[in-house]
Amino acid sequence: MKNNPKVSIITPCYNVENYIGEYLDSVINQTYANIELILINDGSKDNTEKVIKEYEKKLLERGIDFIYLKQQNSGQAAAINKGLKIFKGKYLIWP
């Protein structure tokens with residue numbers, strides 16, 4: 001299945017500690033195997049980063065190319081633009 005085109009998912013996040021785990025579980029449970037997940041933490045002040053780091057091993061074990069970036073709070077558009085500069089997939093989505 002790795003011969004299928006890579007799908008890149010750019011996900012900006014800000015103060016989502018209560019929801020990011022459910023989102024990451026959803027990505028991990030996808031049946032499509034060739035995924036690149038780019039998470040951009042837009043200066044969260046809660047435990048968003050801690051939750052994301054707890055999932056890093058699960059994402060990598062699932063074979064997901066995982067990139068985590070952190071920036072000073074600059075807004076959703078700036079976070080997406082940061083991901084647009086580095087994604088490698090043939091297809092691109094963001095939630």
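## Sheet

Two strands count as paired if DSSP finds at least two bridges between them. In this predicted model, four strands make up an open sheet, ordered E3-E2-E1-E4, with parallel pairing. Strands (E, at least two residues) and helices (H or I, at least four) are DSSP runs numbered from the N terminus. The edges are held by strand E3 (65-71) and strand E4 (91-93); each has a single partner strand, so one side of each lacks a neighbour in the sheet. From one strand to the next, the twist averages 15°.

Strand E1 (residues 7-13) pairs with strand E2 (residues 35-42) in the parallel sense over seven bridges. Val7 is opposite Ile35 in E2.

## Helices on the sheet

Angles run from 0 to 180 degrees between N-to-C directions, and axes are lines fitted to C-alpha atoms, for helices over the stretch in contact. H1 lies across E1 and E2, at about 165° to E2. Helix H3 (residues 76-84) packs on the sheet and touches E1, E2, E3 and E4 (contact: heavy atoms within 4.5 Å), its direction making about 150° with that of E1.

## Helix pair H1 and H2

Helix H1 (residues 20-28) packs with helix H2 (residues 48-61) at an angle of about 10°, the axes being 10 Å apart. That makes H1 roughly parallel to H2 (angles under 35 degrees). H1 contributes Ile20, Gly21, Leu24, Asp25, Val27 and Ile28 to the contact, and H2 contributes Val51, Ile52, Tyr55, Lys58 and Leu59.

## Basis

Residues are numbered from 1 along each chain as its sequence is written. Local features need pLDDT of at least 70, side-chain atom pairs count only at pLDDT 80 or more, totals for chains, interfaces and linings use all residues, and side-chain values use heavy atoms, leaving out hydrogens and water.

Key
Angles under 35 degrees count as roughly parallel, over 145 as roughly antiparallel, 65 to 115 as roughly perpendicular and the rest as oblique.
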